[in-house]
Amino acid sequence: MARVERFEDLIAWQKARELAGSVYELTRAEPCSRDFGWCGQIQRAAVSVMANFAEGMERTGSGEFHHFLTIAKASCAEVRSHLYIGSDIGYLPIDVFHTLMERAEETGRVIGGLRASVARARIA
């Protein structure tokens with residue numbers, strides 16, 4: 001298997017990018033766009049998911065990359081948490097909530113798989 005040299009080539013990063021794009025699309029529209037606090041928090045969490053891949057890939061070892069993947073997965077959970085409150089307060093129609101939640105869950109699963117793979121490679 002070829003070694004991935006660029007974070008942009010990671011499927012997990014690509015999924016995180018799609019999630020961040022979806023979050024930004026959501027937060028540009030009413031009524032979300034009027035709530036600067038909620039918008040800012042969910043945007044920062046979504047961007048954190050993908051940014052931690054970039055930072056982790058540029059570090060020197062697989063241990064550091066694993067650490068940043070852990071942070072990315074936690075940020076993905078934060079996005080999911082914000083989606084719940086957004087749904088609860090009426091910012092997201094139920095179909096939008098489910099679509100974004102599925103995207104966030106899938107992103108988290110892919111990150112988890114990559115993190116497990118990195119952990120196995122560290123042991124081997």
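This is a predicted model: local features need pLDDT of at least 70, side-chain atom pairs count only at pLDDT 80 or more; totals for chains, interfaces and linings use all residues.
The protein chain contains 4 helices and 0 strands. Read from the N terminus, its elements follow the order α-α-α-α. Along the principal axes, the C-alpha atoms occupy a box of roughly 50 × 20 × 20 Å. The radius of gyration of the protein chain is 15 Å, which agrees with the value near 14 Å that a compact globule of 124 residues would have. Of these 124 residues, 40% are buried. Among the contacts in the protein chain with a separation of 6 or more, 68% are made by residues 24 or more positions apart.

The largest pocket holds about 650 Å³. It is lined by 23 residues, of which Arg3, Val4, Phe65, Leu114 and Val118 are the closest to its centre. At least two lining residues come from each of helix 1 (11-28), helix 2 (36-57), helix 3 (62-88) and helix 4 (94-123). Helix 4 makes the greatest contribution to the lining of the largest pocket, giving 7 residues. In terms of residue class, this lining comprises 12 nonpolar, 6 polar and 5 charged residues.

Helix 4 also contains Thr107. With a relative accessibility of 1%, Thr107 is classed as buried, because the cut-off for this class is under 20%. When neighbours within four places in sequence are left aside, the contacts of Thr107 are Ala12, Lys15, Ala16, Leu19, Val49 and Cys76. Of these partners, Ala12, Lys15, Ala16 and Leu19 fall within helix 1 (11-28), Val49 within helix 2 (36-57), and Cys76 within helix 3 (62-88).

Arg59, in turn, is located in the loop between helix 2 and helix 3. Its relative accessibility is 36%, so Arg59 counts as partly exposed, a class that lies between the limits of 20% and 50%. Residues up to four places away in sequence not being counted, Arg59 touches Glu64 and Phe68. Both Glu64 and Phe68 belong to the range of helix 3 (62-88). Tyr84 stands 25 residues from Arg59 along the chain, and the C-alpha atoms of Arg59 and Tyr84 are 33 Å apart.

Note on methods: Residues are numbered from 1 along each chain as its sequence is written. Side-chain values use heavy atoms; hydrogens and water are left out. On a 1 Å grid over the protein atoms alone, a cavity is a set of points where a 1.4 Å probe fits but cannot get out, and a pocket is an open set with protein on both sides within 12 Å along at least five of seven lines; lining residues have an atom within 4 Å of a point. Grid points are joined across faces, edges and corners, and a volume is the space filled by probe spheres set on the points. Ala, Val, Leu, Ile, Met, Phe, Trp, Tyr, Cys and Pro count as nonpolar, Asp, Glu, Lys and Arg as charged, and the others, Gly among them, as polar. The radius of gyration is taken over C-alpha atoms; the globule rule is 2.2 Å times the number of residues to the power 0.38. Buried means under 20% relative accessible area, exposed over 50%, partly exposed in between (1.4 Å probe, protein chains only). Contact means heavy atoms within 4.5 Å.
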